[in-house]
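Subject: Structure handover

Hello,

Here is the structure for you to take over. Please open it first, then read my notes below.

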Amino acid sequence: MSETAKALPVGATMFGHWRPLAARYPFVVVAAMIVLFFVLAAVFAPLLWTNDPLGLNPLNRLKPPSAANWFGTDQFGRDLWTRTVYGTRVSLIVGVAVAILSISIGLVVGMLAGYIRLLDSIVMRVMDGLMAIPGVLLAIAMVSLSGASMFTVIVAITVPEIPRVVRLVRAVVLTVREEPYVEAAIAAGTRLPLILIRHVLPNCVPALIVQATYVCASAMLTEAILSFLGAGTPPEIPSWGNMMAEGRAFFPIAPRIILFPGAALALVILAVNVLGDGLRDRLDPKLARRV
Amino acid sequence: MLSFILKRVLATVPVMGVVALTVFLLLRLSPGDPAAVIAGDYATADQIEKIRIQLGLNDPILLQFFNWLVKLARADLGVSIFSNLPVTTLIAQRIEPTLMLALSTIIFSIVVAVPLGVLAAWKAHTWVDRAVMVFAVVGFSVPVFVMGYFLIYGFAIGLRWFPVQGYRSPFVDPGLFISHITLPTLALSAIFIALIARITRASVLEVLEEDYIRTARAKGQTERRVLLRHALANAAVPIVTVIGLGVALLIGGVVVTESVFNIPGLGRLVVDAILKRDYPIIQGLILFFSFLYIALNLLIDIAYTLLDPRIRY
């Protein structure tokens with residue numbers, strides 16, 4: 001990429017020059033297309049030659065793939081193609097909801113911790129403690145105690161994700177607060193909330209967009225793990241983790257019950273991670289050089 | 001040196017305190033009556049009351065927390081609601097398979113990932129580097145249990161090279177141990193190989209730009225010696241740090257892997273406890289794993305000061 005292209009604002013290079021982008025980041029463009037594909041599948045699930053994801057058909061159980069059932073059927077005769085497509089909805093809703101929730105909470109807590117000395121040491125010790133607890137186990141405990149529902153699953157996955165966001169935001173705040181323009185704002189008598197919103201927040205945005213994609217991928221993975229272990233979304237919701245959990249007993253005779261949702265899960269997580277790497281290279285080059 | 005170690009040890013105290021408080025509050029802050037949740041849908045009022053007394057839920061909350069800390073200090077993690085055995089006993093019974101799986105995964109990952117990372121750094125920006133990094137991204141993204149089932153499908157059911165499930169102790173039959181532990185280790189290693197290879201590449205790449213590497217090459221050191229003795233040795237600290245932090249991932253991974261491969265370790269203990277809502281076990285294992293993680297990272301931090309003379313605090 002030429003020097004002039006580098007000097008352009010981010011938006012211009014990201015969306016203005018489609019062809020150079022595709023040439024430079026072929027993986028990222030493919031990943032973006034895969035993510036888009038899954039989003040469309042989730043939105044238009046009822047139109048994608050699916051039937052009722054919960055529709056039992058005992059006469060039609062454990063059938064191999066056919067023209068009527070593209071991915072075959074499970075032990076209750078439910079269409080696996082339908083359930084895999086609807087499972088996309090569950091994964092994406094959980095991923096996006098957890099990303100939004102943990103980024104918003106982490107942003108507020110991180111800005112306050114980075115700016116108010118008194119809060120800093122307390123908040124960071126709490127975050128250290130939360131980070132020491134294995135996230136999957138913490139989420140399992142929360143779901144199993146609060147009862148399985150989509151909402152508890154989202155909250156349970158969000159809590160272990162928050163400390164990383166807080167640390168990230170705090171690190172940005174600590175560098176930004178030493179900048180001359182922030183000192184100037186303080187000298188001019190700007191009040192704290194305004195400094196945070198006008199000067200600190202914009203500096204956090206690139207890193208947070210990148211972090212949001214990683215959180216989204218990690219949340220989809222955790223949701224699948226929780227459901228797979230029996231502490232996730234309620235069994236009547238066709239999530240990929242639930243499908244895989246139900247397919248375990250039939251794995252030797254019908255491995256596709258596990259392999260189709262498993263492959264979908266792996267593919268969407270891979271795509272979101274690659275997209276995150278691409279965004280990081282583009283938006284947060286300081287981070288990109290380090291890892 | 002001694003004062004650093006002391007400070008570092010003391011710094012873990014508040015962290016452990018937060019962990020203990022979080023695990024304590026989990027039960028108390030959950031919506032509804034935790035005793036009723038634990039007792040299940042068909043419990044009678046008597047049974048719920050019994051559990052409430054067993055967990056001490058009728059006491060004032062500060063007293064509950066104090067009692068809980070006193071018990072923790074005595075390494076008492078409580079008693080399982082169903083089997084009535086102390087949680088520490090249950091952990092001792094189930095720890096061997098988990099430990100073996102974790103060790104074999106860490107060893108295998110390091111043996112594979114460090115050379116891959118060094119190779120990628122040495123051949124930076126060539127197709128070799130790209131291939132290693134693509135592998136790293138894929139390895140990082142494929143979930144452990146998906147990887148596990150694909151491995152079972154290919155190597156256990158398809159090729160019949162390995163048993164589908166189960167665990168054998170290495171102290172009873174080393175051969176059977178290896179055949180049973182291979183697939184779980186491969187499944188769990190993918191994410192670590194990815195993680196370690198990535199950080200190895202990054203830190204070796206950074207070191208390779210140092211002056212002393214140029215000096216070493218200028219004085220005619222073999223490329224092998226430059227890479228291993230000069231580059232890798234100096235890049236070791238971030239690599240070891242990532243391995244230590246990766247233990248958190250490992251713990252989550254072990255729980256899932258043991259379920260996939262039906263290994264009777266701590267992960268299975270947790271999962272069975274979830275299904276039976278045996279809360280003291282879940283609580284005890286969270287504490288156990290968290291403290292293990294804190295202790296390991298403490299040891300790694302202390303090891304730096306002993307191993308790397310440049311690090312002074």
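**Chain A overall**

Chain A has 13 helices and zero strands. Along the sequence its pattern is α-α-α-α-α-α-α-α-α-α-α-α-α. Bear in mind that this is a predicted model. Of the 291 residues in chain A, 46% are buried. I also looked at chain A contacts with a separation of 6 or more. Residues 24 or more positions apart account for 68% of those.

**Where the chains meet**

**A helix pair in chain A**

Two packed helices are described by the angle between their axes and the distance between the axes. Take helix H5 (residues 80–115) and helix H10 (residues 192–229) of chain A. Their axes come within 7 Å and cross at roughly 145 degrees. The crossing of H5(A) and H10(A) is right-handed. From H5(A), the residues in contact include A:Ser91, A:Val98, A:Ser102, A:Met111 and A:Tyr115. From H10(A), they include A:Leu192, A:Cys204, A:Gln211, A:Cys216 and A:Glu223. The contact of H5(A) with H10(A) has 18 nonpolar, four polar and one charged residues.

H10 of chain A also holds A:His199. Is A:His199 buried, exposed or partly exposed? A:His199 has 19 C-beta neighbours inside 10 Å, so it counts as partly exposed; the cut-off for buried is 20 or more. Leaving out residues up to four places away in sequence, A:His199 touches A:Val176, A:Tyr181, A:Val182 and A:Ala185. A:Leu101 is 98 residues from A:His199 in sequence. In space the two are 22 Å apart, C-alpha to C-alpha.

**A kinked helix**

Helix H8 of chain A covers residues 150–176, which is 27 residues. From first C-alpha to last, H8(A) reaches 38 Å. That is close to the 39 Å expected at 1.5 Å a residue. Where does H8(A) kink? The kink is at A:Glu161, shortly before the proline A:Pro163, and is about 35 degrees.

**Backbone points in chain B**

Most residues other than glycine have a negative phi, and most peptide bonds are trans. Two residues are worth a look here.

- B:Ala75 is not a glycine, yet has a positive phi of about 60 degrees. B:Ala75 is in the loop between helix H4 (61–73) and helix H5 (87–122) of chain B. B:Ala75 counts as exposed because it has 9 C-beta neighbours inside 10 Å.
- B:Arg160, also a residue other than glycine, has a positive phi near 60 degrees. B:Arg160 is in the loop between H7 and H8 of chain B. With 9 C-beta neighbours inside 10 Å, B:Arg160 counts as exposed.

Last, helix H9 (residues 211–218) of chain B. Why does H9(B) lie largely in the open? Of its eight residues, the number buried is zero. B:Gly220 follows H9(B) and has a positive phi, near 90 degrees.

Best regards

Technical notes:
Residues are numbered from 1 along each chain as its sequence is written. Chains are lettered from A and ligands numbered from 1 in the order in which they are written. This is a predicted model: local features need pLDDT of at least 70, side-chain atom pairs count only at pLDDT 80 or more; totals for chains, interfaces and linings use all residues. Helices (H or I, at least four residues) and strands (E, at least two) are DSSP runs, numbered from the N terminus. A residue is buried if 20 or more other C-beta atoms lie within 10 Å of its own, exposed if 12 or fewer, and partly exposed in between; C-beta atoms are placed from the backbone. Two residues are in contact if their C-beta atoms, placed from the backbone, lie within 7 Å. Axes are lines fitted to C-alpha atoms, for helices over the stretch in contact, and angles run from 0 to 180 degrees between N-to-C directions. A crossing is left-handed if the near helix is turned anticlockwise from the far one by less than a right angle, and right-handed if clockwise. Ala, Val, Leu, Ile, Met, Phe, Trp, Tyr, Cys and Pro count as nonpolar, Asp, Glu, Lys and Arg as charged, and the others, Gly among them, as polar. The expected span of a helix is 1.5 Å times one less than its number of residues. The bend at a residue is the angle between axes fitted to the seven residues ending there and the seven starting there.
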